[in-house]
Amino acid sequence: MITKTVKCVIFDCDGTLVNSETLCCHALVNVFEQFGAHISLEQCLAQFKGGKLADVLTDAMVLAKLNISLDLLEPAYRDEVRRLFSEQLEVMPGVELLLNYLEENGIEYCVVSNGPRDKIEMSLELTGLLERFQGRIYSAFDANSWKPDPDLLMYCAFHMGFSSDECVYIDDTPKGVEAGLNADIETFQLFNGYEITQCSDARVTQIGHLEELVDILRKRTF
C-alpha cells in the first residue's frame, strides 16, 4: 500500500456506519408481500447491494414478476424502512472507536450515501451518530450523482476541502467500491458478514472490521 498523508475519511452509510443491509432487504420483502408478490430475503441479500433505489426496485419487480408504478412502490418501501429502522437499527461495530481516533488525531471525516438526506440523518440519529456528522452529510440527491459514478465522491471531497489523494473511502458494496476507484480515491472494502462480492482490484484493501482502519492509519505519516 502506498504510504500517504490522510486528511479525511469518507464513510459510506448503510452497511458501513449502520447495520442496515438486512433491514433494507426485509423491507423489500415485506413491501412486495403487501402488493401480492414474493421475493426472498436470500435473493435480496444476494442481488441488491448499493445502487440507486429506483434501479433496485425496478430490478426487484422484474425478479418478482410485479408490475406496479414506482410512485406507489417507493414510498411504501421507504415507510417500511423507517419502521424497521426505528425498531432494530444498530451502529456497526468499531465505529465509535474509529471516530474517536480520527478526532484525537485531527483527521476530518464525513458520510456519503446514495440515499436521500432525510434517510441518512434518520439512520445516524437512531444510532447516536447524528451529532458527530452534522454538517458533514452528503447525499447523491445533493450532487445529482449516484454510485458507482465518481462525481458523488468527488463532490464530497471538494466540499470537505480536500483533494482525492488526501482522502480515503470505505464502503461495503461492490458499487460503492467501484465509485471510490472511479474517483481515484484510496478505497477500503468492509466485509461486514454478508455475502458480498469482494473486489479483486489491487487498489482496494479488504478489511473485516472498522478497527483495522485505525491500525492502518497509525502506520501512516501525518
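1. Basis of the note. The structure is a predicted model, in which local features need pLDDT of at least 70 and side-chain atom pairs count only at pLDDT 80 or more, while totals for chains, interfaces and linings use all residues. Residues are numbered from 1 along each chain as its sequence is written, and side-chain values use heavy atoms, with hydrogens and water left out.

2. Helix 1 and helix 4. Two packed helices are described by the angle between their axes and the distance between the axes. Helices here are DSSP runs of H or I with at least four residues, strands are runs of E with at least two, and both are numbered from the N terminus. The axes of helix 1 (residues 21-34) and helix 4 come within 9 Å and cross at roughly 130 degrees, where axes are lines fitted to C-alpha atoms, for helices over the stretch in contact, and angles run from 0 to 180 degrees between N-to-C directions. That angle makes helix 1 oblique to helix 4, given that angles under 35 degrees count as roughly parallel, over 145 as roughly antiparallel, 65 to 115 as roughly perpendicular and the rest as oblique. The crossing of helix 1 and helix 4 is right-handed; a crossing has this name if the near helix is turned clockwise from the far one by less than a right angle, and is left-handed if anticlockwise. Among the residues that meet are Leu23, Ala27 and Phe32 of helix 1 and Leu73, Tyr77 and Leu84 of helix 4, contact meaning heavy atoms within 4.5 Å. By class, this contact of helix 1 with helix 4 has 12 nonpolar, four polar and two charged residues, with Ala, Val, Leu, Ile, Met, Phe, Trp, Tyr, Cys and Pro counted as nonpolar, Asp, Glu, Lys and Arg as charged, and the others, Gly among them, as polar.

3. Helix 4 and helix 6. Helix 4 also packs with helix 6 (residues 117-126), their axes coming within 10 Å and crossing at roughly 10 degrees, and the two helices are therefore roughly parallel to each other. Arg78, Val81, Arg82, Phe85 and Ser86 of helix 4 meet Lys119, Met122, Ser123 and Leu126 of helix 6, and this contact divides into four nonpolar, two polar and three charged residues.

4. Arginine 78. This residue belongs to helix 4 (residues 70-88). Is arginine 78 buried or exposed? With a relative accessible area of 17%, arginine 78 is buried, since buried means under 20% relative accessible area, exposed over 50% and partly exposed in between, using a 1.4 Å probe and protein chains only. If its neighbours within four places in sequence are left aside, arginine 78 is in contact with Leu53, Pro116, Lys119 and Phe141.

5. Helix 5 and helix 11. The axes of helix 5 (residues 95-104) and helix 11 (residues 211-218) come within 8 Å and cross at roughly 25 degrees, which makes helix 5 roughly parallel to helix 11. Their crossing is left-handed. The contact of helix 5 with helix 11 holds seven nonpolar, no polar and two charged residues.

6. Valine 214. Valine 214 sits in helix 11 and is buried, its relative accessible area being 1%. Not counting residues up to four places away in sequence, valine 214 touches Leu97, Leu98 and Tyr101.

7. Cysteines. A disulfide is a covalent bond between the sulfur atoms of two cysteines. The structure holds zero disulfides, a disulfide being taken as a pair of cysteine sulfur atoms within 2.5 Å. For cysteine 13, the nearest cysteine sulfur, that of cysteine 24, is 9.3 Å away, and cysteine 13 is buried at a relative accessible area of 2%. The sulfur of cysteine 25 is 4.9 Å from the closest cysteine sulfur, in cysteine 44, which is too far for a bond; cysteine 25 also counts as buried, at 3% relative accessibility.

8. Backbone angles. Most residues other than glycine have a negative phi, and most peptide bonds are trans. Lysine 65, although not a glycine, has a positive phi of about 55 degrees; it lies in the loop between helix 3 (53-64) and helix 4 and is exposed, with a relative accessible area of 76%. Aspartate 184, also not a glycine, has a positive phi of about 60 degrees, is placed in the loop between helix 10 (174-182) and strand 5 (186-190), and counts as exposed at 58% relative accessibility. Lysine 147 and proline 148 are joined by a cis peptide bond, with omega about 15 degrees, and proline 148 lies in the loop between helix 8 (140-143) and helix 9 (151-160).
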